[in-house]
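User: Could you walk me through the structure below?

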Amino acid sequence: MYSSNLPTWVSSKPSNSNKNILLYQFNQNPFLQFSKRLPPKSLSQSPSPFTRIRCRLRELRKRIETVKSTQKITEAMKLVAAAKVRRAQEAVINLLYTINESLQCDDVDCPLTVIRPVKKVALVVITGDRGLCGSFNSAVIKKAESRISNLKGLGLDYTVISVGKKGNSYFSRKDDVSVERFVEGVGFRTAKEAQMIADDVFSLFVTEEVDKVELVYTKFVSLVKSDPVIRTLLSLSVRGEVFDVNGNCVDAVEDELFMLTTKEGKLAVERDTVRVEGGPISPLMQFEQDPVQILDAMMPLYLNSQILRALQESLASELAARMNAMSNATDNAVELKKNLSIVYNRERQAKITGEILEIVAGAEALT
Amino acid sequence: MTLNLCVLTPNRIVWDSEVKEIILSTNSGQIGVLPNHASIATAVDIGILRIRLNNQWLTMALMGSFARIGNNEITILVNDAEKGSDIDPQEAQQALEIAEANLRKAEGKRQTIEENLALRRARTRVEAINAIL
């Protein structure tokens, strides 16, 4: 009949929402009896009044320990996420250099720039693989859903390519959404995954199964803010500009570089605009093959790098979201621990006082 | 007078140093590049890049790319590149067999395109290992 413990939840959001909880488990005591009203986070009581206070003390102590260890975990996760954000950014730097090496194209026909009347749209939805990252995954999925209903309203057919475990599990549960393919990565986003997605998208577009490909991912705005955006991937526009669904230019020229550094002991993000000048093409340069062939070779490269960039930006935002969520969880854990300690001390003092009284009463009775 | 070769993938810089000569396989055949070559821009096919350093040839498998040659500077942009010495022979052979099987099974234009690409890549990797002389 040893009383067992209560479930306790440490919320990772500031108190007004209860999604995304970090858990530490205790079991319920089946013989619940409340004699004294404690604040809601209090424990159940064991049946015998003799063992009541002792068990409560022990349970309180255990709870304090677990909250302490939870806090350590969330703090560690926060630092790990910060380190990974750095890695993701460095990968993007290399990408930008390659993008800016591309040549200007005039009116040359290439299978990827063909503009067809749109009957079917492919959506590439990029989500994360793991949870505990706040509202990151749900924001992207919500955006994708709204676009899907948009397309349905316009009478267009659609198909979904889902990247990331969270998105995969969501879309596999929904029966009314047709999914083309699930892509699951292993750890860090590599060019091989981008290659796979690019191949898929390329063949879909070229064989005219879809007429337009859009990318749904989260743009990294700052450490605390990230925006899910939708970008048109194919067909590529001639001038190399990239347009949003609403016609807003989402160009790669204004790209910024984020560096995660520390400022006065706290993590901060420094921005740096990348200005890579395209070197002048030597007027004597000959082309080994005719322009069409060269463009044919370059377009897949460009496509690949666009997809890779979206993947890595998504990864960076996911890690930033996880950092925030874990930091909130840590703060909540600290507060919970404080409250529990106060209750624990009060109980302990009450118990000691009770024992003293008993002893004194017993001594009185004897004399 | 040596050539400076730079092979870049989106993830990392695969090669960035000086070489004596390279042999590149492009869409229109193989070309050899010596120092003071004319400025040229070319599309590179899925194939092998051979690099000569001091009478020693190295091979690298390139998966389709673009190359720009000018002023003794060669820049090759690839989606994926693997040094011949980094490829595991067993694994590459197996990948080749799997790709061939997939091609035979492919139905429809789209799958055929995809499997063709995969096959060419697998074949390039196997050749890269065998071509180390």
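User: What covers the buried residues of H2(A)?

Analyst: This is a predicted model, in which local features need pLDDT of at least 70, side-chain atom pairs count only at pLDDT 80 or more, and totals for chains, interfaces and linings use all residues. Side-chain values use heavy atoms, without hydrogens and water. The cover includes S3, S4, helix H3 (165-173), S6, S7 and H5 of chain A, where helices (H or I, at least four residues) and strands (E, at least two) are DSSP runs numbered from the N terminus.

User: Which residues of H2(A) are buried?

Analyst: They are A:Phe136, A:Asn137, A:Val140, A:Ile141, A:Ala144, A:Glu145, A:Arg147, A:Ile148 and A:Leu151, buried meaning under 20% relative accessible area and exposed over 50%, with partly exposed in between (1.4 Å probe, protein chains only). Because they cover an arc of only 165 degrees around the axis, they lie on the same side of H2(A), the arc being that of the directions from the helix axis to the C-beta atoms.

User: And which ones are exposed on the other side of H2(A)?

Analyst: There, A:Lys142 and A:Gly153 are exposed.

User: New topic: which residues touch the most other members in the largest nonpolar core?

Analyst: Among its 23 residues, those are A:Val124, A:Ile126, A:Val201 and A:Val213; such a core is a set of buried Ala, Val, Leu, Ile, Met, Phe, Trp, Tyr and Cys residues joined through side-chain atoms within 4.5 Å. The largest share of this core, six residues, comes from H4(A).

User: What does A:Val124 contact?

Analyst: Leaving aside neighbours within four places in sequence, the contacts of A:Val124 include A:Ile161, A:Ile197 and A:Val213, contact meaning heavy atoms within 4.5 Å.

Definitions and conventions
Residues numbered from 1 in each chain as written. Chains lettered and ligands numbered in written order.
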